[in-house]
Amino acid sequence: MSLNVNELRRLSDLHPKPRAIQFQYGTAGFRTVASILDSTLFRVGVLAALRSKRLDGKTIGVMVTASHNPEADNGVKLVDPRGEMLENAWESHATALANAPNTPALIEAVEHLVKVAKIDLNKPSRVVYARDTRPSGASLVRALEDGLKAIGAETRDAGVTTTPVLHYLVRAINTKGTKDEYGPDSEEGYVAKLTAAFKKLIAGKAAIPLLVVDCANGVGALALQKFIPALGNSITLHSVNDDISTAGALNNACGADFVKTQQKLPASLESLLHPGQRGCSFDGDADRLMYFYLDERGRFRMLDGDKIASLVAAFIVELVKSAGLEDKIKVGVVQTAYANGASTKYLSERLPVKCVPTGVKHLHHAAEHYDVGVYFEANGHGTVLFSPETQQALREHQPAIPAQLTALTHLLNLNDLINQTVGDAVSDMLLVEVVLAHKSYSGVEWDSLYVDLPNRLVKVKVANRNVFKTEDAERRLISPPTLQAKIDELVRKYEDGRSFVRPSGTEDVVRVYAEARAKSQADDLAFRVAGLVYDEVGGDPGLRPREFL
Ligand code: G16
């Protein structure tokens, strides 16, 4: 079989690439203003279909979402057969196809890809896709479908759902009927798998207090509507910010990214939380989770991805020990440069900890090197991976005493509760509630594992963020050449000061992170480093104060 060039040409002509725009497959795929993404979606359809052929017809996933970004943005990313992010080498193929200036150039790029990637066009092609609730999603999915059609892929439309459900479906479809079967290949099956594990894990524990869940006015609201009846009276979830029909509401002054960057409660939750009560926030596509509570004086306290990693890793270590498996199963943690210094100190005193660049793909791969790898970005994106050998060890282990059996059963149920394909706000939320129930912790006890160093994250809008290049897991800049020395000099003036600068892979900004002994110092350091960035690359002075968001 050869490429149906006529069909590719006909369909590609319906999705012309906007001129003078360069696309880049970044931290989480392509992500930019929705109105310029039509050609990219078409080409991602072509690429996904070809990737499936390259992998012998294994099902590839495509998720149309811009997650935490503003509602006017959209994006698309590919999901590989085990539910993980697209293999690195193919990111440049994606970028090449997206930037072909016109149809003849696209056809040439596709023919080149077929040759260099040794794609056998006779193989079948299978793709499953989904989108979040963004208004631009439906038309972008139509462009994607045209791309899939151009290569003749068999398709499955998973509809409007969360990013982690799409990742789950990809693995479930590809493992169906094998010894690694991941679960039923439907959203209902996913809900049933997680809720069954949750109910077993909390059986016999004290009733869980009502949990307020901020859905960011995104697709997480739809997921929660499916979970609430399935969870029955095992936990009471009060869903807020679940308005998916009002224009502009998505991620607006709510959701996990708002909570993390603003370090405050969304105003819409102010009257709902009382001192001592916990709440949590999802992001726009429900793959990130932030917890928080109000202390006895009603002050907001944030429990971010670092706190989740610490809580969960310590619990799993305890269970492994209680099950009598500590010689066989080693638990490790993966973080990024954004991890609070206090969390890294707390964790590294207890476990191996690795720091990798931002982006789930980096954390996921590093976590695969541990028997049980716990990875969380400070922004709440993360999960826990049980290696295939660990899962086998759990299945084969013969407990010597009843207490070992109990711990072993909990580990097996955690293996089912956790969505191991990618960060999953709902799965992570249920995981946190399990640990809190087992430890009889309120937010206060959880929070007191360690005290966060005050920190501040700001964005700087620059003309070209690609001039910023980093090394050492993004903790140091190598370009622009003199900037790192200036940052170092500034940081030395702050007690426990730490700061780094990196280009975002999902927004057209440069991010500046700073932490220091006191909040005022962390703020000051962040703004001064942002000032250095701004002065280095220049910009419109009128924009300066507004752009440090
Ligand atoms: C995506 C990635 C995350 C990353 C975040 C911000 O999250 O999956 O790993 O931390 O973007 O990345 P950056 O700082 O490069 O913009 P999401 O939830 O937006 O898909």
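Mentor: Begin with a definition: a crossing is left-handed if the near helix is turned anticlockwise from the far one by less than a right angle, and right-handed if clockwise. Keep in mind that this is a predicted model.

Trainee: What is the handedness of the crossing where helix 17 passes helix 18?

Mentor: Helix 18 covers residues 519–537, and its axis lies 10 Å from that of helix 17. The two pack at an angle of about 160°, and helix 17 and helix 18 are therefore roughly antiparallel to each other. By the clockwise rule, the crossing of helix 17 past helix 18 is right-handed.

Trainee: Is helix 10 oblique or roughly parallel to helix 15?

Mentor: Helix 10 (residues 305–322) and helix 15 (residues 425–439) pack with their axes 10 Å apart, at an angle of about 60°. Roughly parallel would need an angle under 35 degrees, and roughly perpendicular starts at 65. Therefore helix 10 is, relative to helix 15, oblique.

Trainee: And which hand does the crossing of helix 1 and helix 4 have?

Mentor: Helix 1 spans residues 5–13 and helix 4 spans residues 103–116, with axes 10 Å apart and an angle of about 135° between them. That angle makes helix 1 oblique to helix 4. Their crossing is right-handed.

Trainee: Where is P480, the residue whose peptide bond from S479 is cis?

Mentor: Most peptide bonds are trans. The bond from S479 to P480 is cis, with omega near 0°. P480 sits between strand 17 (476–479) and helix 17 (483–491), in the loop.

Trainee: What is the phi of A20?

Mentor: A20 belongs to the loop between helix 1 and strand 1 (30–33). Most residues other than glycine have a negative phi. A20 is not glycine, yet its phi is positive, near 60°.

Trainee: How much of the 470 Å² that the ligand exposes when taken alone does the protein bury?

Mentor: An oxygen atom of the ligand is 2.7 Å from a side-chain N or O atom of R31, and the distance for R502 is 2.7 Å. For the side chain of D287 it is 3.3 Å. Of the ligand's 470 Å², the protein buries 98%.

Trainee: How many residues of the shell around the ligand are charged?

Mentor: The ligand is surrounded by 19 residues, and the closest are H68, E377, S504, G505 and T506. Two residues of the shell are nonpolar and 10 are polar. The charged ones number seven.

Terms used: Residues are numbered from 1 along each chain as its sequence is written. This is a predicted model: local features need pLDDT of at least 70, side-chain atom pairs count only at pLDDT 80 or more; totals for chains, interfaces and linings use all residues. Side-chain values use heavy atoms; hydrogens and water are left out. A residue is near a molecule or strand if one of its heavy atoms lies within 4 Å of it. A polar contact is a pair of N or O atoms within 3.5 Å; within protein, one must be able to donate a hydrogen and the other to accept it, and residues adjacent in sequence count only if both atoms are side-chain atoms. Accessible areas come from the Shrake-Rupley method with a 1.4 Å probe; for residues, only the protein chains shown count as cover. Ala, Val, Leu, Ile, Met, Phe, Trp, Tyr, Cys and Pro count as nonpolar, Asp, Glu, Lys and Arg as charged, and the others, Gly among them, as polar. Axes are lines fitted to C-alpha atoms, for helices over the stretch in contact, and angles run from 0 to 180 degrees between N-to-C directions. Helices (H or I, at least four residues) and strands (E, at least two) are DSSP runs, numbered from the N terminus. Angles under 35 degrees count as roughly parallel, over 145 as roughly antiparallel, 65 to 115 as roughly perpendicular and the rest as oblique.
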